[in-house]
Amino acid sequence: MSPINWYNISPARCNGHNTVSYITECLDNFMKKHPYAGIILTGDFNRLNDRMLTSYPLKQSVKGATRHTSILDKIYTNIADWYNKPVA
């Protein structure tokens, strides 16, 4: 069984490009050691350009608004097939 690693990021006060670069560097290092690991990356990504994360490849799983009409809190994962839509 491969590990599932979970990261929670709150980059509101960080430089967007540097933050995403740091995240992808950490993911690269982790995946080299655990190539079959599941990744779940959560956080407040509303101010980040997530193109690098989605090309990692991670899928953004949150599809509905998390605050008013905006998607602020996001979940990026490489195990999206294990995700089910929440039931209200």
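A residue is called buried when its relative accessible area is under 20%, and exposed when that value is over 50%. The legends below describe a predicted model.

**Figure 1. The protein chain as a whole contains two helices and four strands.** Read along the sequence, these elements follow the pattern β-α-β-α-β-β. Of the 88 residues in the chain, 31% are buried. The accessible surface of the chain comes to about 6,400 Å², and 52% of this area belongs to carbon and sulfur atoms. Among the contacts with a separation of 6 or more, 64% are accounted for by residues 24 or more positions apart.

**Figure 2. Helix α1 comprises residues 16-33 and has a buried side.** Its 18 residues should span 26 Å at 1.5 Å a residue, and this agrees with the distance of 26 Å between its end C-alpha atoms. Which residues of α1 are buried? They are T19, V20, I23, T24, L27, F30 and M31. Because these residues cover an arc of only 125° around the axis, they lie on the same side of α1. An α-helix has 3.6 residues a turn, so residues three or four places apart point the same way. The face turned away from the buried side carries the exposed residues H17, Y22, K32 and K33.

**Figure 3. The largest nonpolar core has 13 residues.** Those with the most contacts inside this core are I23, I39, L41, F45, L53, L58 and Y76. The elements that give two or more residues to the core are helix α1 and strand β2, which covers residues 38-44. Helix α1 gives the most, with five residues.

**Figure 4. Y76 is one of the residues with the most contacts inside the largest nonpolar core.** When residues up to four places away in sequence are not counted, Y76 touches I39, I40, L41, F45, D50, L53, T54, L58, K59 and Q60. Among these partners, I39, L41, F45, L53 and L58 are also listed with the most contacts inside the core.

**Figure 5. K74 is located in strand β4, which covers residues 73-77.** Is K74 buried or exposed? Its relative accessibility is 14%, and therefore K74 counts as buried, the cut-off for this class being under 20%. Leaving aside its neighbours within four places in sequence, K74 is in contact with L41, T42, G43, F45, D50, Q60 and V62. Of these residues, L41, F45, D50 and Q60 are also touched by Y76.

Notes. Residues numbered from 1 in each chain as written. Predicted model: local features only at pLDDT ≥ 70, side-chain atom pairs only at ≥ 80, totals over all residues. Heavy atoms only, no water. Buried < 20%, exposed > 50% of the residue type's maximum accessible area, 1.4 Å probe, protein only. Contact = heavy atoms within 4.5 Å. Expected span 1.5 Å × (residues − 1). Arc of directions from axis to C-beta. Areas by Shrake-Rupley, 256 points an atom, 1.4 Å probe, with all protein chains shown as cover. Core = buried A, V, L, I, M, F, W, Y, C linked by side-chain atoms within 4.5 Å.
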